[in-house]
Amino acid sequence: MKAQPTATRRAVLSGVALAGAVLAAGLTSALPARAQADYPNQPITLIVPFAPGGASDFAARLLQPRLSAILGQQIVVENRDGAAGNVGMDLAARAKPDGYTLFLGNVGTVSINPYIFSNLRVKPLQDFIPISIVADTPGLLIANPAFPPNNVKELVEYVKARPGQVNFASPGSGSVNRLEMEAFRREAGLDMIHVPYKGGAGPATADVMGGHVSLMFVTISSGINHVKGGRLKALGVSTKQRVPQLPDVPTMTEQGFPKSVSSSWQGVLAPAGTPQPIINKLHAAIVEAMKDPTIKERMGESGVIAVSSPTPADFKAYIEADAAKWSGVIKDIGVKAD
Amino acid sequence: MELFNDLLLGFSVALTPMNLAYGFLGVLLGTIIGVLPGLGPVATISILLPVTFALPAPAALIMLAGIYYGAQYGGSTTAILVNLPGESSSVVTAIDGYQMARKGQAGLALATAALCSFIAGTLATIVIAVAAPALAEVALDFGPADYFSLMLFGLVAAVILAHGSIVKAIGMILVGILLGTIGIDANTSVERFTFGIPSFGDGIDFAVIAMGMFGIGETISNLGGSEQGRTFVKEVKNLWPRWADIKRFIKPALRGTALGGCLGLLPGGGPVLASFSTYALEKKLSKTPGEFGKGAIEGVAGPEAANNAAAQTAFIPMLTLGLPSSAVMALMIGALMMQGLSPGPQLMNQRPDLFWGLIASMWLGNLMLVILNLPLVGIWVKLLSVPYRMLYPAIMLFCCIGVYSIHNNALDVVLAAIFGGFGFLAKKLHCEPAPLLLGFILGPMIEETLRRALLISHGDPTVFVTRPISLSFLVLTFLLLIVLVAPMIRVTRQRAFEESTD
């Protein structure tokens, strides 16, 4: 409607416009307030950017029943895998920010992919509001049992005596496990050859077990059973304190590499623009859910630590520090996909 | 008799009414998704995985396993009836199975597939029970160099699949390899031929190409023919295998089982490699190799036995070492972890009920499948008498649903349509789709293992001839090449001779 208003019409119109603006302002503040007060009143979708059966799916499925009970609404886990998690992340970032679509982000999608895939549309640090971490999965430095070094000190000496001769595997060239090794070997000044695999930790672990590659970092959940079963040996774990499930495995810190503290974490994020009261409500619910002994026990069996962030701001700070660390490593080694 | 006691324990678990019921549900679902084009066991198990969390561990695993090997049975049905392989492992079955159906032997082909799968399933179950741990060690001995040589052997063997022009077959293999390069490169994270489309990052799904080339392409080319062209439907003869047929297919079935059982242990293309190397073997052993591609029963029996045996032995690395050899096995490991169980070498000792229960259920599942499938043969064959105008829209619809369900991505459906056009064109040019699909599957694996082997050896190519396993496959590849090339040389020599006498 584009009329040429006369003076009086203009006055009337401006009056109407003013009233409308006031009303609109009132509505916009009132409507979400009402929506927030009875949030959630419909099922909530939690997008997992990986296929069922993986670590992220594992965390989501464990969280689902408890979180549904606390919020009084069903949490629907939706697996949208593809392109190293970028497909699901993109979908979640563009969802309506009303608290009914959440994203289960992890170290790969949030802290690593933005620095590897330069054409990535999503900027996780801007497009998401972090709510809380839920799982902290340490990295485990594993080796074939026949590989001579038995700890990190021996490993450093062994590799230094054989520059460029020792091979290490990884589940992918842009994987956190590769970056963990790159960060470690830079700090230790080691020259090793990187052998990337694809299709998860399985094929790479199999080749370390078969003795075709000497060592690699894996997430503790992929390696713990093989270490306990004696098919692989663990040289170190990337936590500050030792992991209770592997009490004999020293930390990287203990062995002189305090920078080798890292985690394949999983956490819940919401699309940017989700109202703060909803974020707070979800945060409280997740903190409550993570106290559940079943979740702690199930995660604990595979060496994963069930955790929650004290506040959403803490999780934000955690992600920012994590992203800064990995982007630095990526820049150093020059992995890039355009 | 420890084995006897273990098996007794296994059957006591597998024969409880609940586990029997879940086993039956699994194989039934598996058969259905196998029959439906595009819907594969990976998607189905993904969807059903959360449901199994509420079940006890043995019931959950028995059902998921049932879906997996049930799909191998069902996958051959559409391959034989309408030339539409539902699973990658039934691509080869489609070659001779469909030709048998065209000759009015659809029933015989289906019954042969079911019986040979059962024979293979039974023998493979025995092998798992007796030798699983020892075989798992063999699988670990395979390094990247060995895989490379094996895949190379497979690729050369793919040429034998062609029953027409060898040059065209090689062309199709190369197109397949090219299509296989699409996606993010594992070594450098560089995107190849993705045109900036994120969905291409993981490459094109096998099912998209298979549905397009076979399903849609076949439909288009059939529309070109007249309704009378389908006379084969009316003269359905010998629904059941006669003694003569059994005598013909028993040996290929046994050879297929042996070959499939071995290749199933290896990660990656186990069942696929198994089914077509068996086909290649049978064609070479046959006294009438000319029949292959025109409806040879051996061409159905061998590959069907092989893919089922491979599907079965693929469980060995997962059960004994906790290592997944395929996407389905990775899902099984996920299922075990959600149950609070740790897949690994200790599983067998910690939960013998689960381990032996699953093994016993595999045999029971195979028995159920053969009982389920044999009476269905008559019904499936009747499906062929459905008029074109109803059958083909239905096939197209199922193809679209199946393709869309892989990643919930409409682009996949568009791609399948494009491959449909390409499939039609290829058919008109007498280029066969099977070699293309095998190139598509094996090409990326060859590249991956070649680069990995050379990375590990620090660029030293002698690694391929100094490792005994690798060397054996290279020698076999060389022999195969001679076998392939020799007739051609003879023909050209003959021609040269004829010319000179002219």
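**What covers the buried residues of α8(A)?**

Before the solution, some ground rules. This is a predicted model, where local features need pLDDT of at least 70, side-chain atom pairs count only at pLDDT 80 or more, and totals for chains, interfaces and linings use all residues. Residues are numbered from 1 along each chain as its sequence is written, while chains are lettered from A and ligands numbered from 1 in the order in which they are written.

*Solution.* 
- Step 1: find the helix. α8(A) spans residues 201–209; helices here are DSSP runs (H or I, at least four residues), strands are E runs of at least two, and both are numbered from the N terminus.
- Step 2: check burial. A residue is buried if 20 or more other C-beta atoms lie within 10 Å of its own, exposed if 12 or fewer, and partly exposed in between, with C-beta atoms placed from the backbone. By that count, 8 of the 9 residues in α8(A) are buried, among them A:A201, A:P203 and A:D207.
- Step 3: look for the cover. From chain A it includes β5 (139–143), β6 (166–170), β8 (215–219) and α9 (220–228).
- Step 4: see what follows. After α8(A) comes A:G211, with a positive phi near 85 degrees.

**Exercise 1. Work out which side of helix α11 of chain A holds its buried residues.**

*Solution.* 
- Step 1: list them. In α11(A), residues 293–301, the buried ones are A:I295, A:R298 and A:M299.
- Step 2: recall the helix rule. An α-helix has 3.6 residues a turn, so residues three or four places apart point the same way.
- Step 3: turn to the other side, where A:P293 and A:E297 are exposed.
- Step 4: name the partners. The buried residues of α11(A) pack against α2 (55–71), β4 (128–136) and β11 (305–306) of chain A.

**Exercise 2. Compare how α4 and α10 of chain B run relative to α12(B).**

*Solution.* 
- Step 1: get the geometry for α4(B). Helices α4 (57–82) and α12 (298–313) pack at about 165 degrees with axes 9 Å apart. Axes are lines fitted to C-alpha atoms, for helices over the stretch in contact, and angles run from 0 to 180 degrees between N-to-C directions.
- Step 2: classify it. That angle makes α4(B) roughly antiparallel to α12(B); the label goes to angles over 145 degrees, with under 35 being roughly parallel, 65 to 115 roughly perpendicular and the rest oblique.
- Step 3: see who meets whom. B:Y68, B:Y69, B:Q72 and B:S76 of α4(B) meet residues of α12(B) including B:E304 and B:N308. Contact means that C-beta atoms, placed from the backbone, lie within 7 Å.
- Step 4: The axes of α10 (243–264) and α12(B) come within 7 Å and cross at roughly 30 degrees, which makes α10(B) roughly parallel to α12(B).
- Step 5: sort by class. The contact of α10(B) with α12(B) has 12 nonpolar, 10 polar and 3 charged residues. Here Ala, Val, Leu, Ile, Met, Phe, Trp, Tyr, Cys and Pro count as nonpolar, Asp, Glu, Lys and Arg as charged, and the others, Gly among them, as polar.

**Exercise 3. Which helix of chain B gives the most to the side that touches chain A?**

*Solution.* 
- Step 1: size up the interface. 41 residues of chain B are in contact with 43 residues of chain A.
- Step 2: α3 (41–52), α6, α14 and α19 (433–456) of chain B each supply at least two residues.
- Step 3: α14(B) gives the most, with 6 residues.

**Exercise 4. Two glycines, A:G236 and B:G164: is each buried or exposed?**

*Solution.* 
- Step 1: A:G236 lies in strand β9 (233–237) of chain A. It counts as buried because it has 25 C-beta neighbours inside 10 Å.
- Step 2: B:G164 sits in the loop between α7 (144–161) and α8 (166–180) of chain B. With 11 C-beta neighbours inside 10 Å, B:G164 counts as exposed.
- Step 3: check its partners. Leaving aside neighbours within four places in sequence, B:G164 is in contact with B:H430 and B:E432.

Note on methods. Contact = placed C-beta atoms within 7 Å.
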